[in-house]
Amino acid sequence: MKTVSENACFGGVQGVYAHASKATGTDMTFGLFLPAEAQDGPVPVLWYLSGLTCTHENAMTKAGAQTWAAEQGIALVFPDTSPRGEGVADDEAYDLGQGAGFYVNATQAPWAPHFRMWDYVTEDLPGLIFQEFALDADRQGITGHSMGGHGALTIAMNLPERFRSVSAFSPITHPTASDWGRKQLSAYLGADEANWAAHDASLLMAEKGFDGPMLIDTGTQDQFIDLLKPEALASAIATRRQQATFRMQPGYDHSYFFVSTFMEDHVGFHAEALYA
């Protein structure tokens, strides 16, 4: 691991680091905010997974999360959204290839050699940061935006013993029935839709749910709302009687203006679970 940059931030440190990833077979870059409390011992961790076209940097600079994480004494992890670099497959479309890893392990050519973002986020990067930094692996929450909201929900429901809380901003909730999903899942995982189910939050909610609190925010004016399909997840939550707060926020769209507006709510929501 090498340090790309470190900046003082709300009494803590906002760092950017690069490392060779075993999962992707490439160099990967991530952001990590450590609050002042990390100087005295391990602190709780909130993972933030970003959406299509993003790198580690988008949420790190636009979401305003450090303000509230510093107030709560919580670390923030900002992974990249895909492998990158020479020899890594890509596509001309913004919603496939580099910047669009969809948090799955690809099994199909030409994606399979490097697009293993599920393993990267759930195994590779955790193995590194909990070794190198003062972080408490027993107190983790996860959140994300859009494609990252999809990743946060699916990872949390598949690894419920790891995360105490999960939230999402305008998540892709039913990708097996959406053009933001069917295209990517078929490309990365192949035509057999049985292999897609583990990466669909609405199907996972119906099958297993999440043993903990959940918070979902989506804007009523989200320009991609028909692709996100929030009603599918809301229906599954109601049918399962899942512990959850599901909010449609009047007038808000899909942008980081929306994310930053409700970031205080989400960090506070996770802090309540992480410090319980």
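This is a predicted model: local features need pLDDT of at least 70, side-chain atom pairs count only at pLDDT 80 or more; totals for chains, interfaces and linings use all residues.
**Ser 82.** I looked up Ser 82 and found it in the loop between strand S5 (75-78) and helix H3 (117-132). Its relative accessible area is 0%, so I noted Ser 82 as buried, the cut-off being under 20%. A polar atom of the Ser 82 side chain lies 2.7 Å from the backbone nitrogen of Gly 99. Leaving aside neighbours within four places in sequence, I listed residues in contact with Ser 82, including Met 28, Gly 97, Phe 115 and Met 117.

**Largest pocket.** I noted a volume of about 200 Å³ for the largest pocket. Its lining is made up of 14 residues, and Leu 52, Thr 53, His 145, Phe 224 and His 254 lie nearest the centre. By class I found 6 nonpolar and 8 polar residues in this lining, and no charged ones.

**Aromatic pairs.** I looked up the aromatic pairs, and the count comes to 11. Because Phe 169 lies in strand S7 (residues 165-169) and Phe 258 in helix H9 (residues 256-274), the pair ties together parts that are 89 residues apart in sequence. Phe 169 is buried at 0% relative accessibility, and Phe 258 is buried at 0% as well.

I then turned to Trp 180 and Phe 224, a tilted pair with 4.8 Å from centre to centre and 35° between the planes. Trp 180 is buried, with a relative accessible area of 5%, whereas Phe 224 is partly exposed at 27%. Finally, I noted one aromatic cluster formed by Phe 169, Tyr 252, Phe 258 and Phe 262.

Conventions
Residues are numbered from 1 along each chain as its sequence is written. Side-chain values use heavy atoms; hydrogens and water are left out. Helices (H or I, at least four residues) and strands (E, at least two) are DSSP runs, numbered from the N terminus. Buried means under 20% relative accessible area, exposed over 50%, partly exposed in between (1.4 Å probe, protein chains only). A polar contact is a pair of N or O atoms within 3.5 Å; within protein, one must be able to donate a hydrogen and the other to accept it, and residues adjacent in sequence count only if both atoms are side-chain atoms. Contact means heavy atoms within 4.5 Å. On a 1 Å grid over the protein atoms alone, a cavity is a set of points where a 1.4 Å probe fits but cannot get out, and a pocket is an open set with protein on both sides within 12 Å along at least five of seven lines; lining residues have an atom within 4 Å of a point. Grid points are joined across faces, edges and corners, and a volume is the space filled by probe spheres set on the points. Ala, Val, Leu, Ile, Met, Phe, Trp, Tyr, Cys and Pro count as nonpolar, Asp, Glu, Lys and Arg as charged, and the others, Gly among them, as polar. Rings of Phe, Tyr and Trp (its six-membered ring) pair if their centres lie within 6.5 Å; planes under 30 degrees apart count as stacked, over 60 as edge-to-face and the rest as tilted.
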